[in-house]
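I opened this entry to keep track of what I looked up, strand by strand and then core by core. The model comes first.

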Amino acid sequence: MFTVTRDDGYLLSTDPARLDLDRVHHWLSTDAYWAIGRDRETVARAFAGSIGFGVYRPSDGRQIAVARVVTDRATFAWLCDVYVDPAERGRGLGTWLAGAVRDHLADLGVRRILLATNDAHGVYAKVGFTPVQAERWMELDVRVKPVTSKEQEADRPLTVEA
């Protein structure tokens, strides 16, 4: 587990037992443009398969921010689901959280961390993130129905839902 405390008492921890997944689900499913409508089970499964970072208020220990990292813990990581409670914004917590994630992953040996954002480029730039070279990267963002029957014809294409 990784834990760090800011000078003003905010605590960051990767202890999965501390994460308030009901609160995280509420934030993501109602206020995070990338996860609007995400169901509670999906949030729980996503965090179970990732490193979750929670930030906790010094006065009462209540969770006020979150980030999730999908990683092999050796070479690569994807930083996602970064969210700071609106009542706590403006205190530099997002930048501190991103920097702590970067430092923890560097300690593990991870040298490439990716993220996607529509509107927080400045937050991540403060801790060293830069735009990717788009021509080097590719993505697949579709849902493919798996072939589950031997009767599937070899020349028949998979069904893809956009």
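I began with strands E3 and E4, which pair in the antiparallel sense over six bridges. Two strands pair here if DSSP finds at least two bridges between them. Helices (H or I, at least four residues) and strands (E, at least two) are DSSP runs, numbered from the N terminus. In E4, Gln63 is the bridge partner of Tyr56. The hairpin of E3 and E4 has six residues between the strands, and Gly61 there takes a positive phi near 75 degrees.

I noted where the values come from. This is a predicted model, in which local features need pLDDT of at least 70 and side-chain atom pairs count only at pLDDT 80 or more, while totals for chains, interfaces and linings use all residues. Residues are numbered from 1 along each chain as its sequence is written, and side-chain values use heavy atoms, with hydrogens and water left out.

Buried means under 20% relative accessible area, exposed over 50%, and partly exposed in between (1.4 Å probe, protein chains only). Ile51, Phe53 and Val55 point one way from E3, and Gly52, Gly54 and Tyr56 the other way.

On its other pairing, E3 runs antiparallel to E2, joined by three bridges. Leu12 stands opposite Val55 in E3. E2 (residues 11-13) also pairs with E1, in the antiparallel sense, over three bridges. Thr5 has Leu11 in E2 as its bridge partner.

I then looked up the whole sheet. Six strands form an open sheet in the order E1-E2-E3-E4-E5-E6, with mixed pairing. E1 (3-5) and E6 (112-114) stand at the edges with a single partner strand each, so one side of each is left without a neighbour in the sheet.

Which residues have the most contacts inside the largest nonpolar core? They are Leu12, Phe53, Val55, Val69, Leu79, Leu97 and Val101, in a core of 27 residues. A nonpolar core is a set of buried Ala, Val, Leu, Ile, Met, Phe, Trp, Tyr and Cys residues joined through side-chain atoms within 4.5 Å. Strands E3 (51-56), E4 (63-71) and E5 (76-84) and helix H3 (93-108) each give two or more residues to this core. H3 gives the largest share, seven residues. Another core lies apart from it, with 13 residues, including Leu21 and Tyr83.

Leaving aside neighbours within four places in sequence, Leu12 is in contact (heavy atoms within 4.5 Å) with residues including Phe2, Phe53, Val55, Trp96 and Leu97.

Thr14 sits in the loop between E2 and H1. Its relative accessibility is 11%, so Thr14 counts as buried. A polar atom of the Thr14 side chain lies 2.8 Å from the backbone nitrogen of Phe2.

Last, I went through the aromatic pairs, of which the structure holds three. Rings of Phe, Tyr and Trp (its six-membered ring) pair if their centres lie within 6.5 Å; planes under 30 degrees apart count as stacked, over 60 as edge-to-face and the rest as tilted. Trp27 and Tyr83 are stacked, 5.2 Å centre to centre with 25 degrees between the planes. Trp27 lies in helix H1 and Tyr83 in strand E5, so the pair ties together parts that are 56 residues apart in sequence. Both Trp27 and Tyr83 are buried.

Key:
A polar contact is a pair of N or O atoms within 3.5 Å; within protein, one must be able to donate a hydrogen and the other to accept it, and residues adjacent in sequence count only if both atoms are side-chain atoms.
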